[in-house]
2 protein chains.
Amino acid sequence: MRGFQTRSSVQDVLLAYDEHARPIRAEAISILHGSGRVLARKVVAQSNLPAFDRAAMDGYALRGEETFGSDPYNPILFLVVGRSRPGRPCDLTLKPGQAIEIATGAPMPHGADTVVKVETTRRIGRQVEVGEATPPGRHVGVMGEDVQLGTIVLEENRQLRPQDLGLLSALGIAEVEVYCRPRVTIIITGEEILPAGSVPEGCRIADSNSPMLAALVARDGGIPSLLGPLVDDRSLLRSAILDSANTSDLVIISGGSSTGPEDHAPSLVAELGTLAVHGLAIRPASPSGIGFVDGVTILLLPGNPVSCLCAYDLFGSEIVRMRGGITGGWPYPGIELPLARKITSPIGRSDYVRVATTLVDDQLCADPIATSGASILSSTTRADGFVIVPADLEGYALGEVVRVWLYDRTLELAPS
Amino acid sequence: MRGFQTRSSVQDVLLAYDEHARPIRAEAISILHGSGRVLARKVVAQSNLPAFDRAAMDGYALRGEETFGSDPYNPILFLVVGRSRPGRPCDLTLKPGQAIEIATGAPMPHGADTVVKVETTRRIGRQVEVGEATPPGRHVGVMGEDVQLGTIVLEENRQLRPQDLGLLSALGIAEVEVYCRPRVTIIITGEEILPAGSVPEGCRIADSNSPMLAALVARDGGIPSLLGPLVDDRSLLRSAILDSANTSDLVIISGGSSTGPEDHAPSLVAELGTLAVHGLAIRPASPSGIGFVDGVTILLLPGNPVSCLCAYDLFGSEIVRMRGGITGGWPYPGIELPLARKITSPIGRSDYVRVATTLVDDQLCADPIATSGASILSSTTRADGFVIVPADLEGYALGEVVRVWLYDRTLELAPS
């Protein structure tokens, strides 16, 4: 058992992935299940929105030029000859001096070109007084003003927002073609590991990584499936890797990723396919790597839960998202905060430093959490987020403003 | 059909909700389904983590003081008397001059107090050369150093992160008590509305709001169920409200929320319960409100999709999240950007202004999207986010730095 001879960077892992990236499959799904999914092809409008001229306000439809000269003290009278209601055709044609009562969303009658808001009118029997000059086109939703037939509504690779689903539905589009969510098998290895949910016994510990990784993978759009914990048996792990590569779009192996005698994963990946990168200059996740078996990407993550989280955050997350066609940014919101204490880190190594936010002289600061080692999982639950020290820096000074990546969003408060 | 006599604020809606807020139910769930859920009670550790002293590195366990004086040129020899492996009890007791080969995670043998990293040793048959002085306690994970028995691991009202699930699992906790996800019935009303997924016909339009609201409610932790579209029939809507109040934790009615003759929702809520707030000084969502029927909150949202989104963003989202016990911030990340054009808004009214981000002289700016009216749904898909102009401002000047709430996270890029 020996350490790593050389160490690579996170960028090397991502480049290796890029080289081996396979086309992403697509599927047609109902817009009702589209939120957060990524369009595999652009959507072109097959109809105008709105599909007809319609009222944008409750009021009276009439010819705008006939209201010119009116004001609250000199209203002009119109004869109300009918009513246009939403969802019903309106076959009436206005003659001069006539108006039609109209509700928001109802079709404009022939001959009318404007809607006078109900608030500026007074109804007197079959007549209505209009006390405001209203030019043609006011409060009318013109056919195609929202979306014109034939235009691109949403581009390929768009991650669908709730309002996108609304727009697609308004255009009569019931299904969209999106990238398949990647199936991600998470293999947990380790002689000493009991299944998640077990009570630890003696010197055996309960699996922390499968619930954590499953949640992270789902957050990033993947469909996790769990395998293990497996004992450190080479042939067992070989079968698990081959089976998973056969049924998954991505395989994550947690544990057995270092250079010890029981660390079978790296050499098995090399034997069954290619071990592209192994050993990273990152702390606390150096025993990480990436390889490829039968064209399927295999991520090697450390078994230590903190290191596992760090490695997942630094490259696992991006690879899962890319595998599902998600091109947007990191799942963590970033804020700029001064440091309450300095951070030191050797040149040549990237550090993932958990920080808590704290008030110092009424100024919100990021305070690095001191831990005795990489294995303190509660440091990631006590932390509000983390700071990355890039490999080319020796750290950050006290008071220096750094970017803090927040684990959740409790600091982003809505305006009151 | 008349407009609103007075208009309330978003704050009035939230206050009305607070007054009528009911206790939130709780349920026990597996930690495997815990991500994003909110703890209904604090979690106290029933065991130490780790539960035993263990190696934090691969190497040799020995007595630290016996390495004092060694260096790479003057290594000290130890006799290797055994091996400690993860998950297996280690009953060996070290005598002076002895060491035990140990793997990360394996229990410390009796008598050993430190682990010498394998990288600083050289194995020679049954002996090992140690070339680095290693004080007691180095590379040892001490029982309880991560979490001590009896301490609070996670507080009540915590929204669970992936790593929280990992920590709970490590502590042998398989289930947690969380607040129930609120069941939210979304009632769509409107004579002219065809079900989502329909192709619009004549002057009938397809429902945009149910796919949009269902996605928003799910994002905010609710379980949406859809009802409608219902025609504008008073007794039909009455039954729908009563049934929904009976089976839901929250009811959202979209459409028929204004003051026209077909706007039955506000008066029905008043008739069946309390209409607390109706008519807001917000644009474009003034025909909004809140009421209570049989103790269940009823949100009245406009039928116009843009107004519906605005009202949901301004108070619907917060109420859904509160109903599920989520106390964290808004689901939109906020960034500060200068305005590419001025925004005007009358005093006394809050405006929800869609903006696109754009480069002006290499500076990222927020550019308000000009629309002819509130009904341009594509303005919310073309926008990158929105700006809120509070009621006490007349707007913002060109170049003024404003807070932009991003619809998604494409601007938050991970560090390279």
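By what turn and what shift along the axis can chain A be laid on chain B?

**View 1. The two copies in the predicted model, chain A and chain B.** In general, a rotation about an axis and a shift along it relate two copies of a chain.

**View 2. A:Pro333 and the rotation axis.** Of the residues of chain A, A:Pro333 comes closest to this axis, its C-alpha lying at 3.3 Å. The same surface serves both copies, as 100% of the contact residues of chain A recur in chain B.

**View 3. The domains of chain A.** Chain A is divided into domain 1 (10-24 + 181-323), domain 2 (26-47 + 154-179), domain 3 (54-141) and domain 4 (334-406). Between the C-alpha centres of domain 1 and domain 2 of chain A the distance is 32 Å.

**View 4. Packing of helices α4 and α5 of chain B.** Helix α4(B), residues 234-247, packs on helix α5(B), residues 264-272, at an angle of about 55°, and their axes are 10 Å apart. The two helices are therefore oblique to each other. The crossing in which α4(B) passes α5(B) is right-handed.

**View 5. Residues in the contact of α4(B) with α5(B).** From α4(B), the contact is made by B:Arg234, B:Leu237, B:Arg238, B:Ile241 and B:Leu242. From α5(B), B:His264, B:Ala265, B:Leu268 and B:Leu272 take part. The residues of this contact comprise six nonpolar, one polar and two charged.

Technical notes. Residues are numbered from 1 along each chain as its sequence is written. Chains are lettered from A and ligands numbered from 1 in the order in which they are written. This is a predicted model: local features need pLDDT of at least 70, side-chain atom pairs count only at pLDDT 80 or more; totals for chains, interfaces and linings use all residues. Axes are lines fitted to C-alpha atoms, for helices over the stretch in contact, and angles run from 0 to 180 degrees between N-to-C directions. Helices (H or I, at least four residues) and strands (E, at least two) are DSSP runs, numbered from the N terminus. Angles under 35 degrees count as roughly parallel, over 145 as roughly antiparallel, 65 to 115 as roughly perpendicular and the rest as oblique. A crossing is left-handed if the near helix is turned anticlockwise from the far one by less than a right angle, and right-handed if clockwise. Two residues are in contact if their C-beta atoms, placed from the backbone, lie within 7 Å. Ala, Val, Leu, Ile, Met, Phe, Trp, Tyr, Cys and Pro count as nonpolar, Asp, Glu, Lys and Arg as charged, and the others, Gly among them, as polar. Domain bounds come from an automatic or database domain assignment. Copies are superposed by least squares on the C-alpha atoms of residues with pLDDT of at least 70 in both.
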